[in-house]
Structures are given as structure tokens and as C-alpha cells.
Amino acid sequence: QVELVESGGGLVQAGGSLRLSCAASGRTFSVFAMGWFRQAPGKDREFVAGISWRGERTQYAESVKGRFTMSRDSAKTTMYLQMNSLKPEDTAIYFCAAGGSISDLQRGSWGQGTQVTVSS
């Protein structure tokens with residue numbers, strides 16, 4: 001079992017920035033990728049970004065490319081999502097995920113989510 005704890009959500013004006021963190025603990029030896037998904041009210045959960053465990057590979061949704069950046073601190077098994085130039089449409093609950101690969105994150109472990117609200 002891998003436990004994931006997100007932090008860093010909040011309320012920000014359009015054009016502003018936030019940094020989300022996700023700390024992993026437990027059976028982290030089974031984790032080969034981590035990532036973020038988000039779910040806006042009335043919409044399905046969607047992939048936002050992913051990073052391989054050693055950080056050599058990242059993947060982003062088209063809607064966030066150039067604005068969001070993933071990184072990780074391997075020593076602390078923590079990953080980060082730097083979100084810049086935020087838009088109202090980025091408003092959602094953001095969930096951290098960990099699994100065997102970026103493409104397989106949805107079948108892995110999940111955090112409880114953190115709310116991001118972008119005001120216009």
C-alpha cells in the first residue's frame with residue numbers, strides 16, 4: 001500500500017501561480033511513476049501530468065503544456081506540480097496518483113485530493 005498526501009491547493013486569481021505537493025510513503029519501492037489528475041464539477045476526472053520515478057520522463061495534458069511543470073525530490077519521495085498562468089478552467093480538485101507507469105496511473109494509489117480554485 002502506498003499512501004499519498006497532497007498539499008498546496010487554494011484560491012488564486014487568474015494569471016497567478018500555485019505549487020502542489022504530493023508526499024508518498026509506505027511501499028514506495030513499488031512506485032515507478034507519479035502524476036496528477038483533476039476533476040472539475042460535473043466533469044470526468046482527467047489526466048494532468050505525470051513523471052517517472054527517477055524524473056527522466058514527464059508527460060502533460062495539452063491543456064497545461066507550457067504552464068504546468070512537474071518535478072520530484074527523490075530523497076523525500078515527494079513530487080511537485082508548479083502551476084503558472086492559471087486560468088478559471090483549471091479550477092478542480094487535484095488528485096495525486098502513483099503506479100507502475102505514467103500510462104497506468106489510474107490503476108494505482110490515490111491521494112484524497114486538494115482543491116484549486118482560480119477566480120476570474
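This is a predicted model: local features need pLDDT of at least 70, side-chain atom pairs count only at pLDDT 80 or more; totals for chains, interfaces and linings use all residues.
Strand S8 is mostly covered: of its six residues, five are buried.

S8 belongs to an open sheet of four strands, arranged in the order S1-S3-S8-S7 with antiparallel pairing. The edges of this sheet are strand S1, residues 2-7, and strand S7, residues 68-73, each of which pairs on one side only. From one strand to the next, the twist averages 20°.

In the sheet order, S8 stands between S3 and S7. On the S3 side, six bridges join strand S3 (residues 18-26) to strand S8 (residues 78-83), and the two run antiparallel. Two of the residue pairs can be picked out by name. Leu 18 has Met 83 as its bridge partner in S8, and Arg 19 has Gln 82. On the S7 side, S7 and S8 also pair in the antiparallel sense, over six bridges. Here Ser 71 has Tyr 80 in S8 as its bridge partner.

A disulfide is a covalent bond between the sulfur atoms of two cysteines. The count for this structure comes to one disulfide, which joins Cys 22 to Cys 96 with an S to S distance of 1.9 Å. Because Cys 22 lies in strand S3 and Cys 96 in strand S9, the pair ties together parts that are 74 residues apart in sequence. The torsion about the S-S bond of Cys 22 and Cys 96 is about -75°, so the disulfide is left-handed. Are these two cysteines buried or exposed? Cys 22 has a relative accessibility of 0% and counts as buried. Cys 96, at 0% relative accessibility, counts as buried too.

The side chain of Arg 38 meets that of Glu 46 in a salt bridge, at 2.7 Å from N to O. Arg 38 counts as buried because its relative accessibility is 6%, under the 20% cut-off. Glu 46 has a relative accessibility of 36%, which lies between the cut-offs of 20% and 50%, so Glu 46 counts as partly exposed.

Arg 38 also meets Asp 90 in a salt bridge, with an N to O distance of 2.9 Å between the side chains. Arg 38 lies in strand S4 (residues 33-39), while Asp 90 lies in the loop between S8 and strand S9 (92-99), so this pair ties together parts that are 52 residues apart in sequence. With a relative accessible area of 1%, Asp 90 is buried.

The side chains of Asp 90 and Arg 67 meet in a salt bridge, at 2.7 Å from N to O. This pair links distant parts of the chain, 23 residues apart: Asp 90 is in the loop between S8 and S9, and Arg 67 is in the loop between strand S6 (58-60) and S7. Arg 67 has a relative accessibility of 9% and counts as buried. Through salt bridges that share partners, Arg 38, Glu 46, Arg 67 and Asp 90 are joined into one network.

Terms used:
Residues are numbered from 1 along each chain as its sequence is written. Side-chain values use heavy atoms; hydrogens and water are left out. Two strands pair if DSSP finds at least two bridges between them. Axes are lines fitted to C-alpha atoms, for helices over the stretch in contact, and angles run from 0 to 180 degrees between N-to-C directions. Buried means under 20% relative accessible area, exposed over 50%, partly exposed in between (1.4 Å probe, protein chains only). A salt bridge is a side-chain nitrogen of Lys or Arg within 4 Å of a carboxyl oxygen of Asp or Glu. A disulfide is a pair of cysteine sulfur atoms within 2.5 Å.
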